[in-house]
Amino acid sequence: MDRIYLTTPIFYINAEPHLGHTYTMVVVDTLARYWRSRGADTFFLTGTDEHGEKIAEAAAAAGESPKQFADRLSALFRSTWDECGITYDHFIRTTDPEHVRHVQEVVARVHERGDIYFGEYEGLYCTGCERYYTEKELVDGRCPDHRTVPDLRREQNYFFRMSRYQKQLVAHIEANPDWIRPERFRNEVLGFLREPLEDLSISRPKSRLTWGIELPFDAAFVLYVWIDALLNYTSAAAVRGGEFFARMWPAAEHVIAKDILKTHAIYWPTFLMSAGFPLYRHLNVHGYWTVEGQKMSKSLGNVVAPRDMIARYGRDSFRYFLLRESVFGLDADFREEALVGRYNGDLANNLGNLVSRTLSMVHRYFGGEVPPASCPESIDREVEDAFRSAEAEIDGHMSKLAFGRALESLFRATDRANKYIVETAPFTLAKSKSEMPRVGTILRVLVDALARSASLAAPFLPDTADRMVQLLGLPADATERYGADAASRIPPGHRVNAPVPLFPRLDAPPA
RNA sequence: CGCGGGGUGGAGCAGUCUGGUAGCUCGCGAGGCUCAUAACCUCGAGGUCGCAGGUUCAAAUCCUGCCCCCGCAACCA
């Protein structure tokens, strides 16, 4: 696999960025950094979803035009990701003119193909919600939100012949067992698909909503927001030209949260089939975060804002916690106390301390110059092997999105290096002059271990890797290439900087 | 018979698909070291893997039944 086109959902801008969005971003950013460092042709797409009824309403409530509102919120998302150090390649907005053009082109093609027809929809409509409900969604025949009895309404709209592609979709899912992963979500989709698919209403009359993309074949309607939103994925590739599209789009890896499984596993692929595009390579579905055991919600007031966490703990610590403490695909619980525990246990005591004690000894015993490995012993190899194993394990885990496991592997290696210091006791040997060559060799092994740690940690802990590289006196791009050869570029006599604690220990979680 | 997730040493979790000495982090107890961020290292205590049956040479893992917990209005990854 030498190509990868990574996507996050484009976030709907009726809420501010929170823990959930951030998790998705961190996951994809980590994948992007990882694949880039492995030399893969990598593209990372994110953005904002800005059309639709809810945005129009929210804008009105804020006393702004929809476009003004969208500009403001989109900028907020973008700046939040910039502050988090997210390395996206393209930030798409569904209000971008190129996107609008792409959407209209594709919708026109699907229409020409005969997969869009004009029809009438009859359903139970709640005027308060401005949407239709199915009988199942109603509570005692009333709108669950407004407690009112919905009207039976008819509306004429355009429909996408989703039903036409059901068989083909089921066949694809069955032929590609890991196309939707983890498996529980694949099973859920196959469950949906046991029932006949209904065609999808893909228009809204302008009499009801104007904040959307106009249908290319009927100016009286705008496109249903989900079709508009899903097409962001191909849109961003298409604007880069046909060659880019042909090369990268089939390597698409979508990362989403479980709430939008149906749109991505059913609406999207059937629409792609109709449009004549290849399907994406994988749909990767993750779970939700609870906060201190409770559902995160505005009404409970427990929404975790990424900016607050970064301000309090730093980017890498927050990021580390999200990756280390969750299993991709399962729900996870965010507890600040646990974050502090991870910070102290893994980042400060294990990795940070290894950096500290190694550099400290290089300075104390060799004036900051990396000594030559003039006196090797067999135990030295165990440290090198630990990092080599870690690298192989990380590769295995990353291909399965097992971020927590990957980090575990990395920290097993740094832990091995910490034990090595006690086992070889260079600080004891240093008391006798004749042992100094051996002391130097031990420190050389440790400096190499630091370089390797930085290299392996870079996708997960980018700031930390940069700081380690700086402390080691290596060029800033030293972590860009991944792998165990990271160490080989440090010649004897190379000067390293004096240690600065990477992760000052935190005593207690703030209240 | 609504759907889904979960029940593994004191806490939080992994392992369950592809049965075969029950693992990780934290906490706890004892000892050690001093290069280091009150860190680090070693050893130890602590589990009938929700319950009951079944399959098997062998079950946390597969099968059956049962019990308990959580989520399923909206916001929303």
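Guide: A charge sits over a ring if NZ of Lys or CZ of Arg is within 6 Å of the ring centre and within 35 degrees of the ring normal. The model discussed here is predicted.

Visitor: What makes R240 a residue whose charged end sits over the ring of F244?

Guide: The limit is 6 Å from the ring centre, and the charged end of R240 is 5.8 Å from the centre of the F244 ring. R467 is likewise placed over the face of F503, at 5.5 Å from the ring centre. F244 also belongs to an aromatic cluster, together with Y5, F43, Y233, F245, W249, W268 and F277.

Visitor: How many aromatic pairs are there, and why is the pair of Y34 and W35 called edge-to-face?

Guide: The count comes to 28 aromatic pairs. In the pair of Y34 and W35, the centres are 5.0 Å apart and the planes stand at 80°.

Visitor: How do you know whether Y34 and W35 are buried or exposed?

Guide: Buried means under 20% relative accessible area. Y34 has 2%, so Y34 counts as buried; W35 has 13% and is therefore buried as well.

Visitor: What makes the pair of F321 and F334 edge-to-face?

Guide: The ring centres lie 5.3 Å apart and the planes are at 85°, which is over 60 degrees, so the pair is edge-to-face. This pair links distant parts of the chain, with F321 in helix α12 (residues 315-324) and F334 in strand β17 (residues 332-334), 13 residues apart. F321 is buried at 0% relative accessibility, and F334 is buried at 2%.

Visitor: Why is C375 called partly exposed, and why does C84 count as buried?

Guide: C375 has 28% relative accessibility, between the limits of 20% and 50%, so C375 counts as partly exposed. C84 has 9%, which is under 20%, so C84 counts as buried. A search of the whole structure finds zero disulfides.

Visitor: Why do β10 and β11 stand at the edges of the sheet?

Guide: The sheet is open, with three strands in the order β10-β12-β11 and antiparallel pairing. β10 (203-205) and β11 (214-215) each have a single partner strand, so one side of each is left without a neighbour in the sheet.

Visitor: How do you know that β11 and β12 pair?

Guide: Pairing needs at least two bridges, and β11 is joined to strand β12 (residues 218-223) over two bridges, in the antiparallel sense. The bridge partner of L215 in β12 is D218.

How values were computed. Residues numbered from 1 in each chain as written. Chains lettered and ligands numbered in written order. Predicted model: local features only at pLDDT ≥ 70, side-chain atom pairs only at ≥ 80, totals over all residues. Heavy atoms only, no water. Disulfide = S-S within 2.5 Å. Buried < 20%, exposed > 50% of the residue type's maximum accessible area, 1.4 Å probe, protein only. Phe/Tyr/Trp six-rings, centres within 6.5 Å; stacked < 30°, edge-to-face > 60°. Helix = DSSP H or I, 4+ residues; strand = E, 2+ residues; numbered from the N terminus.
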